[in-house]
Amino acid sequence: MILKPQANDIKNIGYYLGRIIIGIGLTMFLPFIAGLVLFSEPNPALDFLISANIAIFIGLALSWLCKTDKELHTGPAMVVIALSWLAAMALSAIPLFLSGHYKSFLDACFETMSGFTTTGLTLVQDLDHLARTHNLWRHLGPFIGGQGIAIIAISFLVGGTNGSLNLYLGEGRDEKLVPNVIHTARFIWAISIAYLILGTIVLGLVGMSIGLKPHSAFFHAVCIFMAGFDTAGFAPQSINILYYHSLMFEIVTIFFMVIGSFNFNLHYQIWTGNFKEIWKNIEMRTLLFITMIVTLITMAGLRQWGVYSDGMILFRKGFFQIISGQTTTGYMTIYAQQFLKEWGDLALTGIIIAMVLGGCACSTAGGIKMLRVGIIYKAFRQDIKKMMLSPSAVIVQRFHHIRTMFIDDKQVRAVLIVTLGYFFLYGLGTLVGVGLGYPFLNALFESTSAAGNVGLSCGITDASMPAILKMTYIIEMWAGRLELMSVFALIGFFVAFVKGR
Amino acid sequence: MKVKSFFFFVMLCLVLIISSSNCYAQISTSSDLLNGTKQYDGKTVNYKGEVIGDVMIRGDHVWLHVNDGTIAIGIWAPKIMIQDILYIGDYHKKGDIVEVSGTFHRSCPEHGGDLDIHASEIKKITSGSTVIRPISRKKVYIGVYSLMLVLIFYALKRFFKNR
């Protein structure tokens with residue numbers, strides 16, 4: 001028998017959702033101040049004042065009407081997370097829509113969901129004339145969403161421990177860096193802000209060395225860092241990283257994309273001096289192995305089609321796109337049309353494999369994640385060994401991730417369910433794409449890019465694409481970022497609300 | 001007969017000259033170039049659009065970007081060619097409209113495989129301008145009133161919480 005959610009559960013959800021919405025509203029004051037003080041753009045700044053007020057009002061009203069002292073349990077926490085991402089999408093879309101650079105509110109929602117989920121697919125019109133205030137918000141989205149919307153709330157707005165922990169887990173993160181979840185959340189912010197300062201300085205200096213004026217160089221630097229470290233792939237100009245025409249800029253961007261795709265737990269180990277973890281960690285080994293395989297496939301494809309006549313050019317263009325796909329960033333140094341018309345099926349398949357598998361768990365990257373790929377591989381190895389050895393033999397399989405652990409069936413089951421969920425998502429978008437008349441490989445590429453929160457595009461994502469496909473990609477990006485569980489919890493909650501007794 | 005042949009030859013030359021000059025002046029759009037990269041690779045093209053973004057000086061050359069309304073393409077040009085360009089398009093400015101004549105590269109060997117155009121001539125067609133955007137009074141009113149509403153609401157919430 002399905003139990004109908006009680007009034008207390010709904011109040012609890014409303015209260016925490018309200019707190020998170022207040023957090024989203026408060027972050028809008030950053031572009032508001034930057035717009036007024038740094039960019040001299042009063043109208044765009046006002047867009048953020050209006051949107052912030054709307055968000056804070058809704059948040060205050062919800063948290064007042066639903067005031068409760070009850071701890072938030074796992075199920076409702078997941079519902080809060082799923083709803084808060086939808087609320088963040090809709091409220092953050094208001095200033096972008098007011099900019100006049102989006103054909104519809106749905107397009108603005110697509111943009112913000114793409115940003116928060118660190119995907120990077122974009123529907124903006126005339127990006128090259130977009131106000132810096134709005135452009136900054138496009139890039140702040142990935143920085144907020146990459147670390148986690150709930151992480152803000154946990155760090156600054158939500159007290160208690162159980163409720164915070166459940167919110168943290170609901171956002172697709174199942175690892176705590178330190179025993180206390182609030183400290184974990186604050187550490188994630190500390191790491192991110194430290195890298196933000198470092199990244200902005202380095203990219204700013206590189207920008208100046210390639211001919212950008214200082215104010216422009218540092219604006220580009222902060223945007224590219226936020227969207228690169230948070231593996232989103234947005235850029236301030238319409239031709240993405242190709243705009244800079246610089247090998248040095250590409251190398252620095254690759255560095256930040258790669259470290260952005262590392263597990264925050266690994267960052268914590270490095271910051272606390274445990275450098276050995278880099279070589280021992282199953283995720284790092286899997287990431288290195290997969291990247292090598294994908295590089296071989298893609299390079300072979302590019303050579304086979306004779307896309308680039310020069311070996312160095314082939315490596316530079318190929319490797320950048322591979323790392324961009326593998327880390328699920330989506331930065332491009334070629335045009336989307338070139339993917340389709342020049343790269344050939346084998347090279348595209350290589351990039352699709354990279355996007356499907358993605359970066360590390362508990363990072364800003366998307367995709368199935370290296371930890372799961374590593375565990376599935378170890379589980380297969382264990383089963384093959386079992387088949388080959390005597391039935392009475394006891395076979396244990398270990399892996400190292402921060403500490404050495406043994407693989408058990410429960411863990412493998414959990415990993416396979418999420419993996420299967422991702423394949424379902426990839427398939428769903430492909431099916432809708434093919435149903436709307438797009439070629440199979442293109443539809444698969446774009447769907448994988450959306451669900452894996454990658455952002456590479458072969459040209460399907462465009463303001464003129466059907467609304468049904470936009471909505472499908474929004475759902476894919478949302479479910480992919482939350483690793484499906486919170487979305488399932490939300491669906492379950494509604495089913496229980498309608499059918500429960 | 002000789003006169004007729006000569007006349008025919010002159011006419012043929014005229015037709016060829018006119019048609020070739022028309023062909024040279026034909027403007028390629030970014031869609032044409034990006035959808036026909038192999039067809040245009042290494043060929044002289046004419047491309048027209050607004051100068052946007054930043055002009056990046058690299059020695060005696062510059063990178064500038066010209067957007068034809070769909071997407072921008074990188075233009076590699078000698079510094080001397082851009083002396084007439086005064087307005088670079090962004091939120092505050094409408095950039096100069098230029099017509100670039102140059103060699104299109106699908107994957108430029110000189111620039112790490114970037115798709116670009118090496119300009120041999122840049123003509124300014126229309127001068128850009130500063131875009132005047134007066135502060136929207138409507139937005140100011142909505143912003144201020146909504147802020148007051150939020151502050152009153154917050155004060156009420158605090159008031160009832162303390163009671």
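In this predicted model, the buried residues of helix H18 of chain A are Met370(A), Leu371(A), Arg372(A), Val373(A), Gly374(A), Ile375(A) and Ala379(A). H18(A) runs over residues 370–388, and its 19 residues reach 27 Å from the first C-alpha to the last, close to the 27 Å expected at 1.5 Å a residue. What covers the buried residues of H18(A) includes the chain A elements tabulated here.

| Element of chain A | Residues |
|---|---|
| Helix H14 | 282–304 |
| Helix H17 | 344–357 |
| Strand S1 | 398–401 |
| Helix H19 | 409–435 |

Strand S1(A), which is part of that cover, pairs in the antiparallel sense with strand S2(A), residues 403–406, over four bridges. Within this pairing, His401(A) has Arg403(A) in S2(A) as its bridge partner, and the hairpin of S1(A) and S2(A) has one residue between the strands, with Ile402(A) taking a positive phi near 70°.

The contact between the two chains takes 40 residues from chain A and 39 residues from chain B. On the side of chain B that touches chain A, the elements that give two or more residues are helix H2 (30–35), strands S2 (44–58), S3 (61–67) and S4 (72–78), and helix H4 (137–162), each of chain B. Of these, H4(B) gives the most to that side, with 11 residues. Sorted by class, the side of chain B that touches chain A comprises 18 nonpolar, 14 polar and seven charged residues.

Terms used:
Residues are numbered from 1 along each chain as its sequence is written. Chains are lettered from A and ligands numbered from 1 in the order in which they are written. This is a predicted model: local features need pLDDT of at least 70, side-chain atom pairs count only at pLDDT 80 or more; totals for chains, interfaces and linings use all residues. The expected span of a helix is 1.5 Å times one less than its number of residues. A residue is buried if 20 or more other C-beta atoms lie within 10 Å of its own, exposed if 12 or fewer, and partly exposed in between; C-beta atoms are placed from the backbone. Two residues are in contact if their C-beta atoms, placed from the backbone, lie within 7 Å. Ala, Val, Leu, Ile, Met, Phe, Trp, Tyr, Cys and Pro count as nonpolar, Asp, Glu, Lys and Arg as charged, and the others, Gly among them, as polar. Two strands pair if DSSP finds at least two bridges between them.
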